Amino acid sequence: MSETTTGASYAAAGVDIEAGDRAVELMKEWVKKTRRPEVLGGLGGFAGLFDASALKRYERPLLASATDGVGTKVDLARKMGVYDTIGHDLVGMVVDDLVVCGAEPLFMTDYICVGKVHPERVAAIVKGIAEGCVLAGCALVGGETAEHPGLLGEDDFDVAGAGTGVVEADRLLGADRIRTGDAVIAMASSGLHSNGYSLVRHVVFDRAGWSLDREVAEFGRTLGEELLEPTKIYSLDCLALARTTEVHAFSHITGGGLAANLARVIPDGLHATVDRSTWTPGAVFDVIGTAGRVERLELEKTLNMGVGMMAVVPAESAGAALTTLADRGVDAWVAGEITERAGRSTGATLTGDYAR
């Protein structure tokens, strides 16, 4: 039979089922490391199972849900051939949205879309997701790997994830708890995290013409190594803080920058003022700003500027909060305060100049 009369097949269309099965086998050991006692069954079912009877200890359990991806940072992972850190970013983006309301992350599922299944590569991505879940204290109960030949190049991929958490109704954190005089505590980021990479890539590649293997003195390592630094995961630190200290609200600093994200948890009639002089942003922010001639306000509405999470606590609890975070190895400081809103001002404002 000639090639033109050979029957069509899934493999001929570019989908390799055997490679997908191999990827599942390779990832099983990593998924197993995330297991919580409430998880039933194993990897490979049509749905992940979580024993909800564990929620009986709550008076009124509220389920929280979040979903996210890591944006164009995946392009840098692809170009560098480094696949076992991008999962940390994915988990951080999801679980730290959950913890903002005080929810404990319970479980996650992931979605990995590839142009061609390379089993070891997919397993490396899942390894990173699993390691992130361990850091967050949540289980990875399942996911999906989809092969899209013809739509994506053989080395192209993207990742997304969804998570579920739980919080006691009377422990729900948010704007309604915030009061005049509260202190705003900043927690240091590990770098760019997973936001603003479209701007970053435009600056370093299109405007500066740099390569990922360029040694950057300010970083003490290559450009690529700095840009792939995984997102810090704060969920267990925030939960510990909420257990040991009175916390009124958290704000996860992601796309939109520090002021815009903090404003999301500030109630009508109040205002958050954050003093830039209380910290020095990491070198990566200055390098990006200088290389691209990016104005400070543009940087601040795109990047986290060295702050990945913020907590709003009563002023009298600030010292205890900083002690708890320091004991957990989290670099944190009092960065601002809550005051009554004046006129038509926005919910949060940055003032002063960064420390040098």
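## About the model

This is a predicted model, in which local features need pLDDT of at least 70 and side-chain atom pairs count only at pLDDT 80 or more, while totals for chains, interfaces and linings use all residues. Residues are numbered from 1 along each chain as its sequence is written, and side-chain values use heavy atoms, with hydrogens and water left out.

## The second largest pocket

Let us begin with an open space. The second largest pocket has a volume of about 400 Å³. A pocket here is an open set of points on a 1 Å grid over the protein atoms alone, where a 1.4 Å probe fits, with protein on both sides within 12 Å along at least five of seven lines. The volume is the space filled by probe spheres set on the points, which are joined across faces, edges and corners.

The lining counts 20 residues (those with an atom within 4 Å of a point), and Gly102, Arg171, Leu239, Ala242 and Arg243 lie nearest the centre. By class, 10 are nonpolar, three polar and seven charged. Nonpolar covers Ala, Val, Leu, Ile, Met, Phe, Trp, Tyr, Cys and Pro, charged covers Asp, Glu, Lys and Arg, and polar covers the others, Gly among them. At least two lining residues come from each of β4 (104-114), β6 (157-168) and α7 (235-244). The largest share, four residues, belongs to α7. Helices (H or I, at least four residues) and strands (E, at least two) are DSSP runs numbered from the N terminus.

Axes are lines fitted to C-alpha atoms over the stretch in contact, with angles from 0 to 180 degrees between N-to-C directions.

On the α7 side, the contact (heavy atoms within 4.5 Å) uses Asp237, Ala240, Leu241 and Thr244, and on the α11 side Ala321, Thr324 and Leu325. Four of these residues are nonpolar, two polar and one charged.

## Two further helix pairs

Helix α3 (residues 86-98) and helix α4 (residues 119-136) have axes that come within 6 Å and cross at roughly 40°, so α3 is oblique to α4. Among the residues that meet are Leu90, Val91 and Val95 in α3 and Ile125, Ile129 and Leu135 in α4. The contact divides into nine nonpolar, four polar and one charged.

For helix α5 (residues 197-207) and helix α9 (residues 283-292), the axes come within 9 Å and cross at roughly 50°. These helices are therefore oblique to each other. Val200, Val203, Val204 and Arg207 in α5 meet Ile288, Ala291 and Gly292 in α9.

Notes:
Parallel < 35°, antiparallel > 145°, perpendicular 65-115°, else oblique.
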